[in-house]
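Hi,

Here is the structure I promised to pass on.

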Amino acid sequence: MADVKKIATRESYGNALKELAAQHEDLIVFDADLAGATKTGIFKKAYPDRHFNCGIAEGNMMAVAAGAAAAGMVPFASTFAMFAAGRAFEQVRNSIGYPHLNVKIGATHGGISVGEDGASHQCCEDFALMRSIPGMVVMSPSDDVEARAMVKAAYEHVGPVYMRFGRSAVPVFHEEEGYTFQIGKGEVLQDGADVAIIANGLLVAEAVEAGKALKELGISARVINMATIKPLDEELVIKAAKECGKIITCEEHNVIGGLGEAVCGVLSEKCPTLVRRIGVNDEFGHSGPAAALLKQFGLSADHIVEVAKELCGK
Amino acid sequence: MTANEKKQLMAMACKVRMGIIESIHAAKAGHPGGSLSAADLFAYLYCKELKVDPANPKWEDRDRFVLSKGHTTPGLYAALALRGFFPVEDLKTLRQIGSHLQGHPNMNMTPGVDMSTGSLGQGVSAACGMALTGKIRNKDYRVYTLLGDGEIEEGQVWEAMMFAHHYKLDNLCVIIDNNGLQLDGKLDDIMCPYPIPEKLRAFGFEVAEIDGSDFDQMEEAFAKARATKGVPFAIVMKTVKGKGVGYMENQVGWHGKAPNDAEYEQAMAELKAQLAEVEAM
């Protein structure tokens with residue numbers, strides 16, 4: 001994949017905001033002294049009058065955004081996932097979620113691929129926290145094309161949305177032309193019948209690679225990109241379970257509370273199926289280069305292949 | 001203010017207090033102390049200050065009121081009902097299953113409620129967001145928010161104050177109900193937030209200090225708030241927790257407790273006598 005273009009989805013977020021703002025005057029952006037890192041700075045450069053820095057005060061930012069939404073704006077509130085979902089959880093829950101206000105939370109630097117900053121900034125709990133808020137849409141894109149389309153879909157959706165973007169550059173594998181994104185719909189990237197790999201975020205590219213490697217080993221893997229964690233595409237999950245019989249979930253998140261458990265929740269009630277969850281195994285991360293960390297934590301194509309082989313008895 | 005206007009406000013405040021006692025007694029739960037301390041303010045806001053339309057509660061250009069100290073919503077509900085947003089009889093359904101009158105304000109259930117609040121410290125931030133929107137859209141509506149004096153112990157309140165000043169929200173009026181008591185006791189003993197006006201001034205606010213039961217002072221302060229440009233305005237009002245019901249006044253025990261039947265009768269008798277006195281003026 002050496003010649004594949006790589007872009008961090010936080011960059012896609014900033015670019016999409018700028019594109020959207022041209023058509024929608026009600027779109028405004030809040031940031032908490034991280035505009036350079038969340039990439040809302042891209043939007044700020046183009047629309048300085050519509051970008052409001054809140055300073056290092058994430059709780060206030062979320063409730064300010066709620067008030068702006070109550071008065072008719074469509075605010076995108078941005079900070080790192082750790083502070084958006086973690087620090088400001090209760091503001092998101094009570095001021096945005098409970099009144100079901102039209103706030104879009106653009107959380108960047110999700111997962112351990114934050115890298116060198118270490119565990120304090122590596123949020124692996126955000127899916128769990130945000131999923132537990134009634135009415136909240138929770139999404140995490142896999143590449144630039146999907147991320148930009150997702151931001152536009154989030155704008156069109158009426159109600160609160162949480163989007164997690166990554167810090168590290170990831171391969172762009174979707175074709176721009178003809179691409180459409182729908183909230184709550186999974187995407188089958190490779191068909192297969194022996195095992196289904198359901199991934200999101202930067203694990204999707206790894207899952208695709210794993211799918212190809214497994215094919216060479218004689219294992220037919222179905223690879224599904226599940227960018228929306230909530231509402232989950234239950235139909236696609238159940239179909240995969242029925243047709244493949246075994247499921248692997250992959251996410252840059254604690255195995256507790258994220259995509260893996262969302263999939264298990266559906267399957268245990270509607271189609272009991274053997275599931276292996278690949279994710280961060282209920283531990284904190286640590287400092288290091290993102291690529292090395294992902295490998296160390298088993299968030300890689302190689303590890304997916306291993307788990308698939310074991311699951312398929314090969 | 002004419003004598004007749006003042007009389008009407010006093011009568012409204014008595015009725016708000018009766019609504020508070022009626023609803024909390026019926027619910028067998030609620031927060032009478034801080035509702036009663038702000039009853040005069042609720043009456044003033046909904047009789048005189050706020051540009052609102054009960055027939056069109058979501059009117060885009062209306063003034064907004066955010067009850068940041070959401071637990072004192074019986075006072076807000078009584079004022080809204082008396083102003084015609086919904087039937088006064090609804091007050092007796094407070095906190096019951098199926099009622100639109102939740103234990104803390106819900107903007108999607110109760111006509112006239114502009115923001116869902118209850119978790120202290122958040123309403124003032126939401127009010128900032130509404131005021132900022134007014135600025136962005138060149139609207140001339142104003143945004144009012146009421147905080148408890150205990151509530152300002154929440155750090156988020158001061159994040160919001162910084163925000164209000166930074167973005168020059170002169171369409172925002174922050175009101176602080178300084179009744180001196182919070183759930184566990186006196187502010188001085190629990191976590192002293194004093195001196196409040198000085199703190200607000202240090203955060204860039206123009207501040208008025210008033211007696212929260214004096215309608216003339218209220219009128220003067222709100223006029224000053226409307227005339228202030230370039231900086232946000234705060235009104236710190238000295239009040240008496242439980243005001244209007246003798247046995248509740250300045251009693252911390254009445255922060256969050258409903259009166260029993262005998263206490264209810266006593267409170268209503270007192271308030272009815274006060275109302276009769278006002279009407280005889």
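Leaving aside its neighbours within four places in sequence, A:I197 is in contact with A:A207, A:A210, A:G211, A:A221, A:R222, A:V223, A:I224, A:I248, A:C250 and A:I304. Bear in mind as you click through these that the model is predicted.

A:I197 also turns up in the largest nonpolar core, which has 191 residues. Together with A:I198 and B:C128, A:I197 touches the most other members of that core. Helix 1 of chain B (residues 3-27) is the element that gives the most to this core, with 10 residues. Chain A is in there too: at least three residues come from each of its domain 1 (7-171) and domain 2 (187-311).

Now the sheet around that spot. Chain A has an open sheet of five strands in the order 9-11-10-13-14, and the pairing is mixed. Strand 9 (187-190) and strand 14 (274-280) of chain A have a single partner strand each, so they stand at the edges and one side of each is left without a neighbour in the sheet. From one strand to the next, the twist averages 25°. If you want one pairing to check by eye, take strand 13 (residues 246-254) and strand 14 of chain A, which run in the parallel sense over six bridges. There, A:K246 has A:L274 of strand 14 as its bridge partner.

Two helices to look at against this sheet:

- Helix 9 of chain A (residues 203-216) packs on the sheet and touches strand 9, strand 10 (195-199), strand 11 (221-225) and strand 13 of chain A; its direction makes about 170° with that of strand 11.
- Helix 13 of chain A (residues 301-311) lies across strand 10, strand 11, strand 13 and strand 14 of chain A, at about 150° to strand 13.

Where the two meet, 27 residues of domain 1 and 29 residues of domain 2 take part in the contact. On the domain 1 side, the elements giving two or more residues are helix 7 (126-131), strand 6 (137-139), helix 8 (144-156) and strand 8 (169-171) of chain A. By class, that side of domain 1 has 13 nonpolar, 10 polar and four charged residues.

Strand 8 of chain A holds one residue I'd point you to, A:A169. What does A:A169 contact, leaving aside its neighbours within four places in sequence? The partners are A:K6, A:I7 and A:A8. A:A169 and A:A8 are 161 residues apart in sequence, yet their C-alpha atoms are 3.7 Å apart in space. A:A169 itself has 17 other C-beta atoms within 10 Å, so it counts as partly exposed.

Last, the contact between the chains. Chain A puts in 24 residues and chain B puts in 22 residues. On the chain A side, helix 4 (58-70) and helix 6 (89-97) are the elements that give two or more residues. Helix 4 of chain A supplies the largest share of that side, nine residues. Sorted by class, the side of chain A that touches chain B has 14 nonpolar, nine polar and one charged residues.

Cheers

Terms used:
Residues numbered from 1 in each chain as written. Chains lettered and ligands numbered in written order. Predicted model: local features only at pLDDT ≥ 70, side-chain atom pairs only at ≥ 80, totals over all residues. Core = buried A, V, L, I, M, F, W, Y, C linked by C-beta atoms within 7 Å. Buried ≥ 20, exposed ≤ 12 C-beta atoms within 10 Å, placed from the backbone. Helix = DSSP H or I, 4+ residues; strand = E, 2+ residues; numbered from the N terminus. Domains from an automatic or database assignment. Contact = placed C-beta atoms within 7 Å. Nonpolar A, V, L, I, M, F, W, Y, C, P; charged D, E, K, R; others polar. Pairing = 2+ DSSP bridges. Axes fitted to C-alpha atoms, helices over the stretch in contact; angles between N-to-C directions.
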